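Let's take a walk through this protein, side chain by side chain. Keep the viewer open and follow along.

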Amino acid sequence: YIENNRNNDANRITYFSPRFSGLQLGISYARDSGQVNGPVNNNAVVTDIVDVAANYSGSFGGVDINASARYGTASAPAPAVNDPTVWGVGGSLGYAGWTVGGSFVDQDGTAARDGQAGDFGIGYANGPMSYSLTYFKGKNQNNEAAGFETLETIVLATKYNVADNFNVRAFIARTDFTEGNVVDDVEGTIIGVSANFSF
């Protein structure tokens with residue numbers, strides 16, 4: 001879900017291919033990172049934003065396989081030296097109610113927004129109950145000082161399907177944000193519960 005140099009709200013054209021033997025391709029283009037109609041904004045943060053991606057979903061011998069990869073590039077106006085790029089990969093394997101998966105993404109060429117993030121998780125589903133444990137760690141350029149700021153989170157969660165259109169969930173998370181100074185460093189524990197309906 002990472003955006004190349006935060007062009008998340010840019011107007012864009014996106015195409016997804018039909019899925020062939022589990023494989024699907026996609027491409028996206030935005031002329032600039034502006035959020036309005038009209039002439040090309042050559043003073044925008046980036047222009048000519050192109051993303052290409054592929055994902056695969058299939059099963060072999062009772063093993064469910066899901067994988068994805070993505071690469072994006074854009075043109076940065078002067079006086080920028082480098083054009084920003086972003087790439088990411090992810091995947092999961094499922095068997096007999098167990099699922100393991102993870103992902104990694106990298107942003108480069110933006111100076112102020114460069115960084116990496118990765119996560120790994122394991123889950124188990126048995127009838128109406130499911131459980132998961134996930135770990136995330138990411139870092140990006142510190143906006144207040146030299147070096148990187150980091151975020152580290154671990155989450156234990158469970159879900160119970162009461163009916164086809166109703167489930168309840170609960171989680172506990174431990175998170176630690178480090179910016180490199182005592183004032184902005186934060187750590188804490190979060191507990192949440194929810195009920196979800198669909199109609």
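One definition before we start: a residue is buried under 20% relative accessible area, exposed over 50% and partly exposed in between, using a 1.4 Å probe and protein chains only. What you have is a predicted model, in which local features need pLDDT of at least 70, side-chain atom pairs count only at pLDDT 80 or more, and totals for chains, interfaces and linings use all residues. Residues are numbered from 1 along each chain as its sequence is written, and side-chain values use heavy atoms, with hydrogens and water left out.

Let's begin with the rings. A pair of aromatic rings is described by the distance of the centres and the angle of the planes. Rings of Phe, Tyr and Trp (its six-membered ring) count as a pair if their centres lie within 6.5 Å; planes under 30 degrees apart are called stacked, over 60 edge-to-face, and the rest tilted. The structure has four aromatic pairs. One of them joins Trp87 and Phe104 in a tilted arrangement, 5.5 Å centre to centre with 45° between the planes. That pair links distant parts of the chain, since Trp87 sits in strand β5 (residues 85–95) and Phe104 in strand β6 (residues 98–108), 17 residues apart. Strands here are DSSP runs of E with at least two residues, numbered from the N terminus. Trp87 is partly exposed at a relative accessible area of 36%, and Phe104 is partly exposed too, at 32%.

Trp98 has a relative accessible area of 46%, so it counts as partly exposed, and Tyr124 is partly exposed at 25%. Elsewhere, ring pairs join Phe166, Phe197 and Phe199 into a cluster.

Lys139 lies over the face of Phe148, 4.5 Å from the ring centre; to count, NZ of Lys or CZ of Arg must be within 6 Å of the ring centre and within 35 degrees of the ring normal.

Now look for the greasy part. A nonpolar core is a set of buried Ala, Val, Leu, Ile, Met, Phe, Trp, Tyr and Cys residues joined through side-chain atoms within 4.5 Å. The largest one has five residues: Ala10, Ala30, Val46, Ile49 and Ala74. Val46 is found in the loop between β2 (23–32) and β3 (47–60), and is buried, with a relative accessible area of 0%. Contacts mean heavy atoms within 4.5 Å; leaving aside residues up to four places away in sequence, Val46 touches several others, including Asp32, Ala74 and Ser75. Val46 and Ser75 are 29 residues apart in sequence, yet their C-alpha atoms are 5.5 Å apart in space.

Which charges pair up? Side chains of opposite charge can pair when their charged atoms come close. A salt bridge is a side-chain nitrogen of Lys or Arg within 4 Å of a carboxyl oxygen of Asp or Glu, and the whole structure has three. Asp32 bridges to Arg31, with the closest N and O atoms 3.7 Å apart; Asp32 is buried at 5%, while Arg31 is partly exposed at 30%.

Arg70 pairs with Asp51 at 2.7 Å between the closest N and O atoms. Arg70 lies in strand β4 (residues 63–75) and Asp51 in strand β3, so the bridge ties together parts 19 residues apart in sequence. Arg70 is partly exposed at 22%, and Asp51 is buried at 11%.

Arg174 pairs with Glu187, closest N and O atoms 2.6 Å apart. This bridge ties strand β10 (residues 166–178) to strand β11 (residues 186–197), its partners being 13 residues apart in sequence. Arg174 is partly exposed at 38%, and Glu187 is exposed at 54%.

Finally, find Glu149 in strand β9 (residues 148–163). Glu149 is buried yet has no salt bridge, and the nearest side chain of opposite charge, Arg6, is 9.3 Å away. For charge, Lys and Arg count as positive and Asp and Glu as negative, with His and the chain ends not counted. Among the residues that Glu149 touches, beyond those up to four places away in sequence, are Lys139, Phe177 and Glu179.

Methods: Helices (H or I, at least four residues) and strands (E, at least two) are DSSP runs, numbered from the N terminus.
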